[in-house]
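Hi everyone, thanks for coming. Let me put the structure up on the screen, and then I'll talk you through it.

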Amino acid sequence: MAMVEEKKRENMRVMVAVDESDASLYALGWALDHFGAPPEKLGSLVILHVQQPFHQYILPAAGGPVAVYAPTSVTETMKKAQEQNTANVISRALSVCKEREMTAETLVMDGEPKDMICQAVQLKGVDLVVVGSRGLGKIKRAFLGSVSDYVAHHAKCPVLIVKPPKEEEHRE
Amino acid sequence: MAAEKSAMVVVMGIDDSEHSYYALQWVLGHFFSVPGTFKLVVVHAQPSPSYSVGLSGPVGFFGAGAADALPYVEADLKKISTRVISKAKELCSASKMNDVVYEVVEGDPRNILPEAVEKYHADMLVVGSHGYGAIKRAVLGSVSDHCAHHAHCSVMIVKKPKPKH
């Protein structure tokens, strides 16, 4: 028969990818509610946030043919803003975990979210990766965002895509 | 704070493939170890015989011979379905999972699985994945892809790891 390892839930490593969207926090909460109780049953939890690179140059608004590198002060400000943003995301995620008496490892990576999530899966050797179905993309008619779609196809482990509850979809 | 919540309903779509059995075993091993917390509905979509025989093409193209094959194809498909369900039953009881409903529905899994989700008010749909590349997926269609897009509940796609070279 198929060679499934004898790992039980106690040893399962789960990674949840979060961004600024409510959907990803909902996904984290949903996954913990359905699989994380009682807390000692879940092997380990990793919360991943991928910081998207911002371009360090500014294109002049009117007619200039050449891109100009942004002065360091602007870059510094943007970097700080990003760090603040990441800190917010991580702290919101950790409080979702705390509500359920779960502890989690946190991981912050830089790059394209869809690629980094797949890389993190292999790096951390997780058994399951959890993503929200639609995060920052505001295309309402798409049921599945581009990151979750990519991860569903390319991650080398099982993928759980958490859809938001129906009421939220209508409210948006 | 841990409220007494009703058992989570999980619909699992399986076909006659190693990927499906792997996915079922994976789910049984990783999630269903606590009895009473899950209700499992195992759904096998049995392809309809006319689909298999290719009669969906222009009528009469294959001639009378194809129509004669129909009952045999039907019987064969039924045999496969029975085999799939009994394998599923075996895997479930090996994991001591007893709160299971088994269903065989004739038709396209891409429609049947979301319908089953609606019917059982499932919290989650689980499917295996054949791991087709982009080209095969475009030609043959991907059930797991379709379900990820169209099911109204959370979807888990379980992949059988590829052998390492």
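A bit of housekeeping before that. This is a predicted model, where local features need pLDDT of at least 70 and side-chain atom pairs count only at pLDDT 80 or more, while totals for chains, interfaces and linings use all residues. Residues are numbered from 1 along each chain as its sequence is written, chains are lettered from A and ligands numbered from 1 in the order in which they are written, and side-chain values use heavy atoms, leaving out hydrogens and water.

Okay, chain A. Its secondary structure comes to 5 helices and 7 strands. When I say helix or strand, I'm talking about DSSP runs, numbered from the N terminus: H or I with at least four residues for helices, E with at least two for strands. Starting at the N terminus, the order in chain A is β-α-β-β-β-α-β-α-β-α-β-α. Chain A has 172 residues, and 42% of them count as buried. Buried means under 20% relative accessible area, exposed means over 50%, and partly exposed is in between, using a 1.4 Å probe and protein chains only.

Now contacts, meaning heavy atoms within 4.5 Å. Take the contacts in chain A with a separation of 6 or more: 77% of them come from residues 24 or more positions apart. As for surface, chain A exposes about 9,400 Å², with carbon and sulfur atoms supplying 55% of that. Those areas come from the Shrake-Rupley method with a 1.4 Å probe, and for residues only the protein chains shown count as cover.

On to chain B, which has 6 helices and 5 strands. Along the sequence, they follow the pattern β-α-β-α-α-β-α-β-α-α-β. Of the 165 residues in chain B, 42% are buried. Chain B exposes about 8,800 Å², and 59% of this is supplied by carbon and sulfur atoms.

Let's zoom in on chain B. How do the axes of H4(B) and H6(B) cross? Helix H4 covers residues 109-120 and helix H6 covers residues 143-150, and their axes come within 9 Å and cross at roughly 40 degrees. The axes are lines fitted to C-alpha atoms, for helices over the stretch in contact, with angles from 0 to 180 degrees between N-to-C directions. That angle makes H4(B) oblique to H6(B); under 35 degrees would be roughly parallel, over 145 roughly antiparallel, 65 to 115 roughly perpendicular, and the rest is oblique.

Which residues meet there? From H4(B) we have Pro109(B), Arg110(B), Leu113(B) and Pro114(B), and from H6(B) they meet Val143(B), His146(B) and Cys147(B).

Last stop, single residues. Ser24(A) sits in helix H1 of chain A, residues 22-35. Is Ser24(A) buried or exposed? It's buried, with a relative accessible area of 4%. Leaving out residues up to four places away in sequence, Ser24(A) touches Ala17(A), Val18(A) and Asp19(A).

Then look at Lys96(B), which is not a glycine but has a positive phi of about 60 degrees. Lys96(B) lies in the loop between helix H3 (64-94) and strand E3 (100-106) of chain B, and it counts as exposed at 68% relative accessibility. His121(B) also has a positive phi, near 50 degrees, in a residue other than glycine. Find His121(B) in the loop between H4 and strand E4 (124-129) of chain B; at 65% relative accessibility, His121(B) counts as exposed.
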